[in-house]
Amino acid sequence: MGTLLKTKNGTYYDHISEQGYSRRDFVKFATFMTAFMGLEHSMVGQVMKAMETKKRIPVIWEHFQECTGCSESFIRSDHPLVADVILDNISLDYTDTLMAAAGHNAEEAKQKSMKENYGNYILVVEGAIPTKDGGVYCTIAGRTAVEILKESAAGAAAILNFGSCSSFGGVQAAHPNPTGSVPVGDIIKDKPIINIPGCPPISEVMTGIVLYYVTFGTIPELDSFNRPKQFYGKRIHDSCYRRPYFDAGLFAETFDSEEAKEGHCLYKLGCRGPVTYNACSTTGWNNGVSFPIKSGYPCIGCSEPGFWDNGPFMERLTNVNGIGIEATADKIGKIVLGTAVAGVAVHAVATNLTKRKELKEANDCGEDNLNNIKS
Ligand code: FSX
Ligand code: SF4
Ligand code: F3S
């Protein structure tokens with residue numbers, strides 16, 4: 001786990017080596033992350049070069065109204081270097097959850113880092129910000145979240161909102177939103193903001209954005225909700241392994257049915273996959289091991305704005321955007337099969353399956369790159 005201000009200077013690769021990782025680990029990590037970021041295989045060298053030559057970017061990580069699931073997701077990545085790149089190598093100058101220091105020491109370290117790195121650090125925010133009654137519903141050391149956020153944002157080069165709470169308000173902002181919670185973007189208007197929603201988001205996606213910034217010195221292309229397109233450009237439905245069942249009109253009616261076990265579509269059990277943009281069905285969680293639908297539970301749309309109010313969960317959607325009808329699941333299956341949408345959707349599934357395969361190969365072939373890639 002990260003130690004406060006341990007990695008003050010040096011490149012990412014210096015720190016990766018310091019942590020005891022081998023060159024082989026580094027190449028495997030770079031290969032995996034390049035594929036994960038959706039970049040061409042030929043870009044592995046550039047990613048490695050950036051990590052070998054660029055000094056680490058300081059990260060200040062604030063927590064406001066949330067459950068800390070985003071941090072949990074982040075540190076529990078199946079890929080050991082994913083968390084270590086941020087915690088030990090990109091260097092975490094302040095996070096009240098993970099840092100070793102506490103109280104006044106922690107606060108002093110944060111103030112020092114923000115001053116020294118003014119204009120250059122990345123601000124990561126987890127959690128929404130309550131604004132009602134002067135913001136009193138989230139205070140840390142006597143200061144409101146609004147006050148702390150404004151101070152931390154002032155010297156940030158960019159803000160990464162980790163999770164649906166800081167991105168869109170999340171559970172706190174659900175009706176009737178008793179504390180007047182808002183996302184970061186409602187308060188900070190003069191900084192580049194990247195939303196990385198999900199409740200929580202996939203850990204490799206969080207690292208992928210930081211690594212992209214490190215490699216290219218710029219933020220990736222965003223959609224209309226400020227989500228990076230390479231991870232949020234497709235619907236869960238577009239690459240879901242249960243999709244052939246949807247297209248064939250075969251649906252599980254209950255969770256404990258044989259059909260559910262066999263892989264029939266969970267649409268009738270409330271799946272939000274057709275209206276949810278996230279990478280879960282393409283990349284999977286925990287190094288591709290699984291994701292909610294694969295575990296037998298419908299997608300609840302956790303990366304979409306206002307998902308808590310888009311319920312009740314476990315009840316089927318009646319209106320699927322993009323397909324543009326209100327109909328029963330059976331009708332949707334038939335209509336998708338019978339229109340041009342089918343062509344687009346099948347193509348998307350095929351594309352995403354290719355990406356999934358590439359990721360697996362990247363994971364397997366990192367070692368080969370030791371010989372093939374000039375560093
Ligand atoms: Fe929110 Fe993250 Fe959900 Fe929890 O911090 S996105 S409640 S998983 O933890 O902010
Ligand atoms: Fe998969 Fe859900 Fe789409 Fe069915 S509705 S194919 S379970 S994403
Ligand atoms: Fe969330 Fe749906 Fe993925 S619930 S974790 S976006 S499958």
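This is a predicted model: local features need pLDDT of at least 70, side-chain atom pairs count only at pLDDT 80 or more; totals for chains, interfaces and linings use all residues.
How do the residues of the shell around ligand 1 divide into nonpolar, polar and charged?

1. Composition of the ligand shell. Five residues of the shell around ligand 1 are nonpolar, six are polar and two are charged. Of the 13 residues around the ligand, those that come nearest are Cys67, Cys70, Glu126, Cys165 and Cys199.

2. Polar contacts to the ligand. The side chain of Glu126 places a polar atom 2.4 Å from an oxygen atom of ligand 1. The backbone also takes part: a polar backbone atom of Gly69 is 2.7 Å from an oxygen atom of the ligand, and a backbone N or O atom of Cys70 lies 3.1 Å from an oxygen atom of ligand 1.

3. Elements that supply the shell. Two or more residues of the shell around ligand 1 come from each of α4 (69-75) and α8 (164-168).

4. The largest nonpolar core. This core holds 54 residues, and Met51, Leu160, Ile196 and Ile293 are the members that touch the most others. Helix α9 (residues 203-216) is the element that gives the most to this core, contributing eight residues. Both domain 1 (12-232) and domain 2 (236-355) are represented in the core, each by at least three residues.

Definitions and conventions. Residues are numbered from 1 along each chain as its sequence is written. Chains are lettered from A and ligands numbered from 1 in the order in which they are written. Side-chain values use heavy atoms; hydrogens and water are left out. A nonpolar core is a set of buried Ala, Val, Leu, Ile, Met, Phe, Trp, Tyr and Cys residues joined through side-chain atoms within 4.5 Å. Buried means under 20% relative accessible area, exposed over 50%, partly exposed in between (1.4 Å probe, protein chains only). Helices (H or I, at least four residues) and strands (E, at least two) are DSSP runs, numbered from the N terminus. Domain bounds come from an automatic or database domain assignment. A residue is near a molecule or strand if one of its heavy atoms lies within 4 Å of it. A polar contact is a pair of N or O atoms within 3.5 Å; within protein, one must be able to donate a hydrogen and the other to accept it, and residues adjacent in sequence count only if both atoms are side-chain atoms. Ala, Val, Leu, Ile, Met, Phe, Trp, Tyr, Cys and Pro count as nonpolar, Asp, Glu, Lys and Arg as charged, and the others, Gly among them, as polar.
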